[in-house]
Amino acid sequence: MAKNFDVIVIGGGPGGYIAAIRAAQLGFNTACIDEWKNAKGGPALGGTCTNVGCIPSKALLQSSEHFEHAGKHFAEHGIEVKGLALDAAKMLARKDTVVKQNNDGIVFLFKKNKVTFFHGRGSFAKAADGGYEVKAGEESLVGKNIIVATGSNARALPGTPFDEENILSNDGALRIQGVPKKLGLIGSGVIGLEMGSVWRRLGSDVTILEGLPTFLGAVDEQIAREAKKAFDKQGLKIELGVKVGEIKTGKKGVSIAYTNARGEAQALDVDKLIVSIGRVPNTIGLNPEAVGLKLDERGAVVVDEECRTNLPGVWAIGDVVRGPMLAHKAEEEGVAVAERIAGQHGHVNFNTIPWVIYTSPEIAWVGQTEQQLKAAGVKYKAGTFPFMANGRARALGDTTGMVKMLADAATDEILGVHIVGPMASELIAECVVAMAFRASSEDLARICHAHPSLSEATKEAALAVDKRTLNF
Ligand code: FAD
Ligand code: NAI
């Protein structure tokens, strides 16, 4: 006998588990199926984000930043550190503990919200009376509504599959045992910069090979230039405009043949290679053919702006559909879909989804870049304020970077905010709120900000839009 549910969510990542909780809150009898296994074969809810993405990468970024501070920056504060040593195994174990706390947190949330959890693979079986039959491992479930939240996988270089020993995806990159002497990365996107930073701080000689001639093409150019300067100074080697050729693995590590931007043949020999060239939507094992669920040529589930698929009652959210591959985007879609199923007006504002790269300095932005506004012929005003002129940043000992605000020339509405510098990940939240409320730069400039705080740099950038900074 199949078990019946109002809502069945396939995938327990940030998109799926949040959708399940919201659906249950709205009174639906809800199930969530997730197949992720921890080292002991048990469930590990939270998907890519919790297990091999956002959470473990931020744990290692934090640990490695402490290590770098202790070794290189404590002395400026009059703190002498003698005999500084790295226990890489303990650092990785702490990261695993942080992951487990998050896994367990979701189990608790499912119990609290009465979401029924099935550990195993979810796959479509057939259309059923009043919904769809879905297999959860060996069990048969029938759901009136199905939310597909099956996420994404790392993209491999053609002909170079991940072995997670020498050629690493994000998974292997987060559990390298010991610090490799020489580390190579392909792709200087978000993962390349974050993971490159982790291992550089811990002592690896890191080289990142990037195919495009421009650094962080999606980021505001001025901000990307500033970030690149900081990474160069740190010794993170980034080669732009390369063409990667043959990759050979042997006893001594990995050898990468490539052509540099001048067209010269080069070779890079490293102990480990991380390939971070983007991710692909995942529908492995979902059996979409059984019900005729439409995928596009990239393998993403085709959805409209409201996450409806071609099948009535079947929705899809997160990395497996179009749009940025971000945990918070997946979560917003999950909430919105649950509310739409309940007949409410779930809404996701794609113009105010923030991006953060958790390097040092951090890079964060929301809205349009200056180059996008120029290309669209929008008339705008720009204001920047450097952290060099911010008292809190000086006290912290981290004055790299700036806040840059772009506002409509005629209406003064904020169109984009771009930050490179300390705690950019936290500072961007205020700008997201401002843009969600369609604030003007003058609105932000007139709001009282605590002193001394990094957030004063945001207020000053807003003042700079009107060319009237007070502290610069
Ligand atoms: P996922 O998190 O991929 O979850 C999908 C889940 O579905 C998985 O548990 C999978 O096992 C399960 N599943 C798949 N198919 C089936 C099936 N047929 N049956 C049962 N279960 C199935 N984003 C940020 O916003 N901030 C960050 O700092 C950040 N850092 C990242 C760092 C790294 C190294 C990586 C790789 C990604 C990072 N991301 C970050 C991106 C973020 O992890 C994803 O955008 C997010 O996890 C997408 O959520 P999702 O729910 O769509 O999919
Ligand atoms: P990415 O899209 O950020 O960067 C990939 C980079 O690889 C690009 O610069 C691209 O030009 C380059 N590239 C592609 N093919 C190449 C080739 N053959 N040779 C050389 N360079 C090549 O992808 P990444 O870093 O793999 O991350 C995947 C996604 O995961 C991100 O786009 C983001 O959505 C998410 N993520 C988010 C994080 C955050 O929010 N802080 C952190 C990490 C990942």
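In the predicted model described here, strand β15 (residues 272-275) directs Lys-272 and Ile-274 to one side and Leu-273 and Val-275 to the other, and all of these residues are buried, that is, under 20% relative accessible area with a 1.4 Å probe and protein chains only. Strands here are DSSP runs of E of at least two residues, and helices are runs of H or I of at least four. Strand β8 (residues 167-168) pairs with β15 in the parallel sense over two bridges, pairing being assigned if DSSP finds at least two bridges between two strands, and Leu-168 has Ile-274 as its bridge partner. Strand β9 (residues 182-186) also pairs with β15 in the parallel sense, over four bridges, with Gly-184 opposite Leu-273.

Ligand 2 is surrounded by 23 residues, each with a heavy atom within 4 Å of the ligand; the closest are Ile-191, Glu-210, Gly-278, Met-325 and Val-356. Helix α6 (190-201) gives the most to this shell, with four residues, and β18 (355-357) supplies at least two.

Polar contacts, defined for the ligand as pairs of N or O atoms within 3.5 Å, include one of 2.9 Å between a nitrogen atom of ligand 2 and an N or O atom in the side chain of Glu-194. A polar backbone atom of Gly-278 is 2.8 Å from an oxygen atom of the ligand, while a backbone N or O atom of Val-356 lies 2.7 Å from a nitrogen atom of ligand 2.

Residues are numbered from 1 along each chain as its sequence is written, and chains are lettered from A and ligands numbered from 1 in the order in which they are written. Local features need pLDDT of at least 70 and side-chain atom pairs count only at pLDDT 80 or more, whereas totals for chains, interfaces and linings use all residues, and side-chain values use heavy atoms, with hydrogens and water left out.

Methods:
A polar contact is a pair of N or O atoms within 3.5 Å; within protein, one must be able to donate a hydrogen and the other to accept it, and residues adjacent in sequence count only if both atoms are side-chain atoms. Buried means under 20% relative accessible area, exposed over 50%, partly exposed in between (1.4 Å probe, protein chains only).
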